[in-house]
Amino acid sequence: MSNFFIQAIGLIGTALFFLSFQCKSNKNLFRVQFLSYLFYTVHLILLGAITGGISYIINTFRSFCLGSKIEFARSKMMCVIICIMQLAALAVTWSGWISLLPVAANIASTIGGYTHNARKIRIVGMFVNSPLWIIYNVIVGSWAGILDEVVSEISMIISIIRYGWKNLDKVSE
């Protein structure tokens, strides 16, 4: 499969992820991220970045849970279960220290997401998730992934300006 096509799949994920932070409702944010993660899963697996690809499968599940109306799916217990799933993925796909990057990023994002607080979700995204994923994407050659993280940072900043930092400090369903 051509590298151009693989990168194009990732770029669709990038566009969707950018749009996700323009959703004021956390539920809609997670629903759009669900679609984005599906594209990124395929993109990373096609690049041979198995830990990242499996981590995105778990992210897809996490977004489904956080966007769900099912109370258990949005509970702290599910947060713990998803973090354990990330650690299991790390153990199964271990390919050296590089495997730590997407798993650490996703555990941080999972914990941030399960606060249900838009400000905390963006803080974790801007200062933990995106920096770790940028490093990982550079190493595995995911140009779409690098662009995704840069665009995500910009999108989070736009959402802070658009909604106001204080307005994002509310826990919302």
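**Helices, core and rings**

Mentor: Start at the end of α7: Gly164 follows it, and the phi of Gly164 is positive, near 90 degrees. Helices here are DSSP runs (H or I, at least four residues), numbered from the N terminus.

Trainee: What should I know about the model before I read on?

Mentor: The model is predicted, so local features need pLDDT of at least 70, side-chain atom pairs count only at pLDDT 80 or more, and totals for chains, interfaces and linings use all residues. Residues are numbered from 1 along each chain as its sequence is written, and side-chain values use heavy atoms, with hydrogens and water left out.

Trainee: OK. How many residues does α7 have, and how far does it reach?

Mentor: α7 has 21 residues and reaches 30 Å from first C-alpha to last, close to the 30 Å expected at 1.5 Å a residue. The expected span is 1.5 Å times one less than the number of residues.

Trainee: Take Ser152 in that helix. Buried or exposed?

Mentor: Ser152 sits in α7, residues 143-163. Ser152 counts as buried because its relative accessibility is 0%. The cut-offs are under 20% relative accessible area for buried, over 50% for exposed, and partly exposed in between (1.4 Å probe, protein chains only).

Trainee: What does Ser152 touch?

Mentor: Leaving out residues up to four places away in sequence, Ser152 touches Phe17, Phe21 and Ser130. Contact means heavy atoms within 4.5 Å.

Trainee: New topic. How many residues are in the largest nonpolar core?

Mentor: The largest nonpolar core has 36 residues. Such a core is a set of buried Ala, Val, Leu, Ile, Met, Phe, Trp, Tyr and Cys residues joined through side-chain atoms within 4.5 Å. Tyr56, Cys65, Ile82, Tyr114, Trp133 and Tyr136 have the most contacts inside this core.

Trainee: Which helices supply it?

Mentor: At least two residues of this core come from each of α2 (26-47), α3 (50-66), α4 (76-93), α5 (100-113), α6 (118-140) and α7. α4 gives the most, with six residues.

Trainee: Then let's stay on α4. How long is it, and which residues are buried?

Mentor: α4 has 18 residues and reaches 26 Å from its first C-alpha to its last, close to the expected 26 Å. Its buried residues are Met78, Cys79, Ile82, Cys83, Gln86, Ala89, Leu90 and Thr93. They cover an arc of only 140 degrees around the axis, which puts them on the same side of α4. That arc is taken from the directions from the helix axis to the C-beta atoms.

Trainee: What do they pack against, and what's on the other side?

Mentor: The buried residues of α4 pack against α3 and α5. On the other side of α4, Ile84, Ala91 and Val92 are exposed.

Trainee: Switching to cysteines. How many disulfides?

Mentor: The structure holds zero disulfides. A disulfide would be a pair of cysteine sulfur atoms within 2.5 Å.

Trainee: What about Cys23?

Mentor: The sulfur of Cys23 is 18 Å from the closest cysteine sulfur, in Cys65, and that is too far for a bond. Cys23 is buried too, at 17% relative accessibility.

Trainee: Last topic, rings. How many aromatic pairs?

Mentor: A search of the whole structure finds six aromatic pairs. Rings of Phe, Tyr and Trp (its six-membered ring) pair if their centres lie within 6.5 Å; planes under 30 degrees apart are stacked, over 60 edge-to-face, the rest tilted. Phe17 and Tyr37 form a tilted pair, 5.8 Å centre to centre with 40 degrees between the planes.

Trainee: Which helices does that pair join?

Mentor: Phe17 lies in α1 (residues 3-20) and Tyr37 in α2, so the pair ties together parts that are 20 residues apart in sequence. Phe17 is buried at 7% relative accessibility, and Tyr37 is buried at 5%.

Trainee: And how are Trp133 and Tyr136 arranged?

Mentor: Trp133 and Tyr136 form an edge-to-face pair, 5.3 Å centre to centre with 90 degrees between the planes. Both lie in α6, three residues apart, about one turn of the helix.

Trainee: Which residues make up the ring cluster?

Mentor: Ring pairs link Phe17, Tyr37, Tyr40, Tyr56, Trp133 and Tyr136 into a cluster.
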